[in-house]
Amino acid sequence: MSTGTSWGVIYGVGVGPGDPGLLTVRAVEVLQHAGAVLAPAPRRGGESLALSIARAHLPAGCDVHTAHFPMTERRDELREAWDEAAALLLRLAAAGAPVAFITLGDAMLYSTWSYLLSAVLRLAPDADVRTVPGVTAMSACAAAVGRPLAEGREPLLIWPDEPPADAGGLLGLAPNVVFMKAGRHLPALAAAAERAGAEAVAVRRASQADQACTTDLSAWSADREYFTTVLMHRAGDGAPHGAPQPALDSEEDRA
Ligand SMILES: C[S@@+](CC[C@H](N)C(=O)[O-])C[C@H]1O[C@@H](n2cnc3c(N)ncnc32)[C@H](O)[C@@H]1O
């Protein structure tokens, strides 16, 4: 497949962690000019959180689509879903207006966008594909608990999914570890933090109206909430916790 000069640019847009106020100015500009938008949905036809964040900025008549990406390790199934979505993005871009794939947090951090980007370029090597970075979920989590992710010369390690049996051992590599998709692993992470004498805080739905934080990780074990991140810090390192802050601060708060 080849694209001519009249094809719309295909953007991957990071829409941030949930608070619509954390969309970047560039993201808003791109969305306001989009002829079509593709959003990931957790289930076929299900609600897309990314879409709920972006919707207020879409122009009237914007052609909105959702795509379901299966939660599987099977590469063939995933590749099929990515290729299908990439082909849709190309068909939409053929209409000539810019097209945006929207994704939570940043588009280049553990996001479906990176696979779509490759798939689009595999199908159409001369397509104009661009990425608009977004505020990461871990940044929103750190802001929520009032504790830096890392400072000075400290390394920061990000663990993207099921933690290793000795999760606390990761603190030997870096004094700060971010565990994503942590909702299913809270009992293991609580035990690991206790064994390592580390500080751990779980944050869910950071920056959203129902944002919550706890240092009692086990208390949320039953919930297995997908939008949960655990920030673990080697005890005694780094800055002390600041005051946790509420999500969605109002204009009055900022005045
Ligand atoms: C596939 S990763 C997406 C990361 C995203 N691209 C980013 O830049 O932050 C999904 C994980 O991000 C974390 N996450 C996303 N949004 C979050 C939020 N608002 N609060 C806490 N964690 C969140 C959770 O750990 C979730 O399981």
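Start with the open sheet of five strands in the order 3-2-4-1-5, where the pairing is parallel. Strands here are DSSP runs of E, at least two residues long, and helices are runs of H or I, at least four, both numbered from the N terminus. Two strands pair if DSSP finds at least two bridges between them. This is a predicted model: local features need pLDDT of at least 70, side-chain atom pairs count only at pLDDT 80 or more, and totals for chains, interfaces and linings use all residues. Residues are numbered from 1 along each chain as its sequence is written.

Next, select 36-41 and 99-103. Strand 2 and strand 4 run parallel there, joined by three bridges. Find leucine 38: phenylalanine 101 in strand 4 stands opposite.

Now go to helix 1, residues 25-32. Ala27, Val30 and Leu31 are buried (20 or more other C-beta atoms within 10 Å of the residue's own; exposed means 12 or fewer, partly exposed in between, with C-beta atoms placed from the backbone). Look down the axis of helix 1: the buried residues fall within an arc of 100°, so they line one face. That arc is taken from the directions from the helix axis to the C-beta atoms. An α-helix has 3.6 residues a turn, so residues three or four places apart point the same way. Turn to the other side of helix 1, where Val25, Glu29 and Gln32 are exposed. Then show strand 1 (10-14), helix 2 (49-54), strand 4 and strand 5, which are among what covers the buried residues of helix 1.

Move to the other stop, an open sheet of five strands in the order 6-7-10-8-9, with mixed pairing. Strand 6 (156-159) and strand 9 (212-214) stand at the edges with a single partner strand each, so one side of each lacks a neighbour in the sheet. Here the twist averages 20° from one strand to the next.

Select 199-204, strand 8. Strand 8 pairs with strand 9 in the antiparallel sense, over three bridges. Arginine 204 stands opposite alanine 212 in strand 9.

Finish with two helices. Helix 5 (137-145) packs on the sheet and touches strand 7 (176-179), strand 8, strand 9 and strand 10 (228-233). Contact means C-beta atoms, placed from the backbone, within 7 Å. The direction of helix 5 makes about 65° with that of strand 10. Angles run from 0 to 180 degrees between N-to-C directions, with axes fitted to C-alpha atoms, for helices over the stretch in contact. Helix 6 (186-196) also packs on the sheet, touching strand 7, strand 8 and strand 10. The direction of helix 6 makes about 155° with that of strand 8.
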